[in-house]
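Colleague: Good morning. Could you take me through this model, one topic at a time?

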Amino acid sequence: MSFWEYLGSRHQQLLTDAYQHASVVFQCMVMATLLGVVIGVVTYRSGWAGNLATVGTSAILTVPSLAMIGLLIPLVGLGVPPTVIALTLYGLLPVVRNAIVGLRGVDPTLVDAARGIGMSSATRLLRVELPLAWPPILTGIRVSTQMLMGIAAIAAYASGPGLGNEIFRGIASLGSKNALNQVLAGTLGIIVLALLFDAAYVLIGRLTIPRGIRV
């Protein structure tokens, strides 16, 4: 069976796996973004706290993804829970680091001007600092998403959702007539999803970043 024939015969399952893959990455990126920005906001004013946040989230990436999921299985079981926890943790570093860098890079004169017209600390953060820090934060989100697209494939080890199941089935049946087709379909599917997500981020950037502060 050729690769195109395989796609035609398995398109429904592949579409389901692709949807699940995209869904879990999207949901984990939402959580990683919210958590990462909060960590950045809490720590960016302090040098040691910012460094601690960066080092802590960097340390998570030193744990191999297969080991991370394996360690989570006894705690939360198989399926979606270990996948979501692992992906959210892995997605933190680029968001935290870029949030800290972006917030520290805001022009102090703008913050002083906002303070001078009576803005509270919370209002300055929401209306001045975070909007100006948004471009590097969005870059961090893009980097995290591309990284999680590949890591999410490992979730199949814990019966997680996504295109990793197609890859693992192909690896488990090496030598069979469709083994290569399965691995190739899963891999290409992940690449296509990664490109679609990145295109969406480019559009979001064009819609949310004023022309004057675009890099």
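Modeller: Let us begin with a term: buried means under 20% relative accessible area, exposed means over 50%, and partly exposed lies in between, with a 1.4 Å probe and protein chains only. At 33% relative accessibility, Arg169 therefore counts as partly exposed. This is a predicted model, in which local features need pLDDT of at least 70 and side-chain atom pairs count only at pLDDT 80 or more, while totals for chains, interfaces and linings use all residues. Residues are numbered from 1 along each chain as its sequence is written, and side-chain values use heavy atoms, with hydrogens and water left out.

Colleague: How many helices and strands does the chain have?

Modeller: The chain has 9 helices and 0 strands. Helices (H or I, at least four residues) and strands (E, at least two) are DSSP runs, numbered from the N terminus. The C-alpha atoms fill a box of roughly 70 × 40 × 20 Å, taken along the principal axes. Of the 215 residues, 44% count as buried.

Colleague: And what share of the contacts comes from residues 24 or more positions apart?

Modeller: Among contacts with a separation of 6 or more, such residues account for 76%. Contact here means heavy atoms within 4.5 Å.

Colleague: Back to Arg169. Which residue does Arg169 meet in a salt bridge?

Modeller: The partner is Asp17, with a distance of 3.6 Å from N to O. Arg169 lies in helix α8 (residues 164-172) and Asp17 in helix α1, so the pair ties together parts that are 152 residues apart in sequence. A salt bridge is a side-chain nitrogen of Lys or Arg within 4 Å of a carboxyl oxygen of Asp or Glu. By this rule the count comes to 6 salt bridges.

Colleague: Why would such side chains pair?

Modeller: Side chains of opposite charge can pair when their charged atoms come close.

Colleague: Is Asp17 buried or exposed?

Modeller: Asp17 counts as buried because its relative accessibility is 3%. Asp17 and Arg169 also belong to a network of salt bridges that links them with Arg10 and Glu166.

Colleague: Which residue forms a salt bridge with Arg142?

Modeller: Arg142 pairs with Asp198, and the closest N and O atoms are 2.9 Å apart. This pair links distant parts of the chain, with Arg142 in helix α7 (residues 121-151) and Asp198 in helix α9, 56 residues apart. Arg142 is partly exposed at 29% relative accessibility, and Asp198 is partly exposed at 21%.

Colleague: What about Arg115 and Asp112: how are they placed in helix α6?

Modeller: They are 3 residues apart in helix α6 (residues 108-116), so about one helical turn separates them.

Colleague: New topic: empty space. How does one find it?

Modeller: Rolling a probe the size of a water molecule over the atoms shows where empty space is left. On a 1 Å grid over the protein atoms alone, a cavity is a set of points where a 1.4 Å probe fits but cannot get out, and a pocket is an open set with protein on both sides within 12 Å along at least five of seven lines; lining residues have an atom within 4 Å of a point. Grid points are joined across faces, edges and corners, and a volume is the space filled by probe spheres set on the points.

Colleague: What is the volume of the second largest pocket?

Modeller: The volume is about 220 Å³. The elements that give two or more residues to its lining are α1 and α9 (179-208). Helix α1 gives the most, with 6 residues. By class, the lining has 10 nonpolar, 2 polar and no charged residues. Ala, Val, Leu, Ile, Met, Phe, Trp, Tyr, Cys and Pro count as nonpolar, Asp, Glu, Lys and Arg as charged, and the others, Gly among them, as polar.

Colleague: Which helix gives the most to the lining of the largest cavity?

Modeller: That is α4, with 4 residues. The largest cavity has a volume of about 30 Å³, and its lining includes Ser65, Thr83 and Tyr90.

Colleague: Finally, where is Ser159 found?

Modeller: Ser159 is in the loop between α7 and α8. Although Ser159 is not a glycine, it has a positive phi of about 60°.
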